[in-house]
Amino acid sequence: MSAVDARLDDSVSEDSAMSTSLKSDFSSQACNILAELREHGELCDAIIRVGDVIFPIHRNILSACSSFFRALFTSQNPTNKHEITLTHVTSDVMSVIIDYAYTRHAKVTAANVEQLLPAADQFHFMGLVKACCDFLITELCASNCIGIRKFAQTYFCSHLEQEALKYILVNFTAVYTTSNEFLQLDIDEVCELLQSEHLNVRTEELVFDALCRWIDYSPERRKRHIGRLLRTIRLGLLTTSFFVEKVKPHEYVRDSEQCRPIIIETLRFLYELDMDDRREVDMSNPIARPRIPYEVMFVIGGWSGGAPTNMVETYDTRADRWVVCPVADTGPRAYHGMITMGHTIYVIGGFDGVEYFNSCRTFDPVNKAWSEAPPMNCKRCYVSVALLDGYIYAMGGFDGHVRQNSVERFNKETNQWSLIRPMHHQRSDASATTLNGKVYICGGFNGQECLNTAEYFSPDTGQWTLINSMNNRRSGVGVIAYNECIYALGGFNGVTRMNTGERYCPRTRQWMDIPEMYSPRSNFATEIIDDMLFAIGGFNGVTTIFNVECYDSNADEWYDATDMSLYRSALSACVVKGLPNVQDYIYQNRIFRNPDNSTTVDPSPTATTNTG
């Protein structure tokens, strides 16, 4: 059982902390006294009856919390009855509501919320309605999000409806594959989801799978809608092989006259694209318009053309395009680390060609503002960083004199860096990640040799523990957690830049080789987006590169992605999720054709229908 604190907002002056504290203490004390008076039946001037249960109350207390009861007790023809009978509400729910009126607290649970919210809405206890909505937001999951959205629409809870819709769109793959509520949707509701610009699907193949699953639930009644459903898919973004082998011959599509013009149009589009490899996808065509991504990858800084850079690029995974953003920091930085916390990007340590940094900068992509963050205790170029349980860890690096084994972590709550137990090895040019509550760091350079050692830090014990060494020495390595394993990619072994990779399984405690990357590289960036592992830029032993490739662990294969705009190594990358202004960081050449043949670019996120 979860208890939610349903407290009405107090209007408190900000002039002094003391007045705020006094008001809070007085409010709490007054609530306790009033609740005690009701409990003992003292000074009560009315009774609320629900079935066989009676609740002695004070009219002025309920009037202060509820416009319903205020109107009941103060209208031109006020009720003078000592006893008021209420129907369509249970005594248990009424008990929670009255307790809330007196204490400003209510226990909102999974067992009572479906009855409590309608009753709170009926009697105009809006603070309690908000508490119920907040509770339901925390309870959202793939199996209930559609039902919660409909529940919110019924009672005009616009914020709850918005959050439920966002959850559905962001977690659509889990929703359509596991939720029985998805199968109960009507055709209009299904099309609303499938055609949304913000539907978070890695490929359009999943949309086809979703519509087939919906039709399969009642094929005789639903297969007549296949033409309308097929138009919700961005068919031009499917591979030709999938369209020809899976979509075109599918029994629902094959037997439908409505689908024939759609099939012909798509085949023509895919054929023309296949005939000219250099041809750009026509994003003005609705069947090839990329959806708006939920996640955006930021690449900041690095070393390019013999000097550090401050350039910011973002990667739009839906359009497979890089975007140069006019939000660069004032100074350049390379060999730094980057971490995302919420919508804030932390840029940590590094080097500008002259100075080794202990400084940290933050970038707020919502407000497009840079600011200074507290500096580390040590200067760290070639630093390794990781995020675990709300703490940023900064490990090793080079201060201009010594390769370090020291470690410190940043607590956002206290806004401070604190030194913790050092690593077993001095490491600069290593790389770090987190998995299953531990911080892992692999490879690097100790001042004499490239390293193949690896170790992890457990916050529970405060200790560093060595694990089996990698199969190869790797300095300038890319390390990242992906599908329950630690991946170590590329790097410099003391002789050459490598394109090899290996992964460590914590369960077997063994390293295993993976397929080679297309490009050898060291001092590159790694990130996970759309459940794909990306390797970005770096140095190939001869020159700085801008090449990008991605690895799919299910297929155990590397794929080419679109190259960055700038050749650079010593860069860093991070992923930011759910930006409200995501349009500012994605590929802008999405053209949307309206029914009247006019065009718009990048429409705003899906709006809710209710505004209550």
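Reader: In which strand does Tyr 551 lie, and is Tyr 551 buried or exposed?

Author: This is a predicted model, in which local features need pLDDT of at least 70 and side-chain atom pairs count only at pLDDT 80 or more, whereas totals for chains, interfaces and linings use all residues. Residues are numbered from 1 along each chain as its sequence is written, and side-chain values use heavy atoms, with hydrogens and water left out.

Tyr 551 lies in strand β27, which covers residues 544-552; strands (E, at least two residues) and helices (H or I, at least four) are DSSP runs, numbered from the N terminus. Tyr 551 is buried, its relative accessible area being 0%, where buried means under 20%, exposed over 50% and partly exposed in between, for a 1.4 Å probe and protein chains only. Accessible areas themselves come from the Shrake-Rupley method with a 1.4 Å probe, and for residues only the protein chains shown count as cover.

The surroundings of Tyr 551 can be listed through its contacts, a contact being heavy atoms within 4.5 Å. Leaving out residues up to four places away in sequence, Tyr 551 touches Tyr 482, Tyr 487, Arg 503, Ile 514, Pro 515, Met 532, Leu 533, Asp 556, Glu 557 and Trp 558. As for Glu 516, which is 35 residues from Tyr 551 along the chain, the C-alpha atoms of these two residues are separated by 10.0 Å.

The strand partner of β27 comes next. Strand β28 (residues 557-561) runs antiparallel to β27 and is joined to β27 by five bridges; two strands are said to pair if DSSP finds at least two bridges between them. Within this pairing, Tyr 551 stands opposite Trp 558 in β28, and Trp 558 is also one of the residues that Tyr 551 touches. The hairpin of β27 and β28 has four residues between the strands, and in this hairpin Asp 556 takes a positive phi near 55°.

Several of the contacts point towards another sheet. This open sheet has four strands in the order β21-β22-β23-β24, with antiparallel pairing. Its edges are formed by β21 (478-482) and β24 (510-514), each of which has a single partner strand, so one side of each is left without a neighbour in the sheet. On average, and with direction ignored, neighbouring strands of this sheet are turned by 25° against each other; such angles are taken between N-to-C directions and run from 0 to 180 degrees, the axes being lines fitted to C-alpha atoms, for helices over the stretch in contact. Strand β23 (residues 501-505) pairs with β24 in the antiparallel sense over five bridges, and in that pairing Glu 502 stands opposite Asp 513 in β24. Arg 503 and Ile 514 are among the residues in contact with Tyr 551.

For the setting as a whole, the protein chain comes to 17 helices and 31 strands, and 51% of its 612 residues are buried. Of the contacts between residues at least 6 apart in sequence, 57% join residues at least 24 apart. The accessible surface of the protein chain comes to about 28,700 Å², with 48% of that area belonging to carbon and sulfur atoms.
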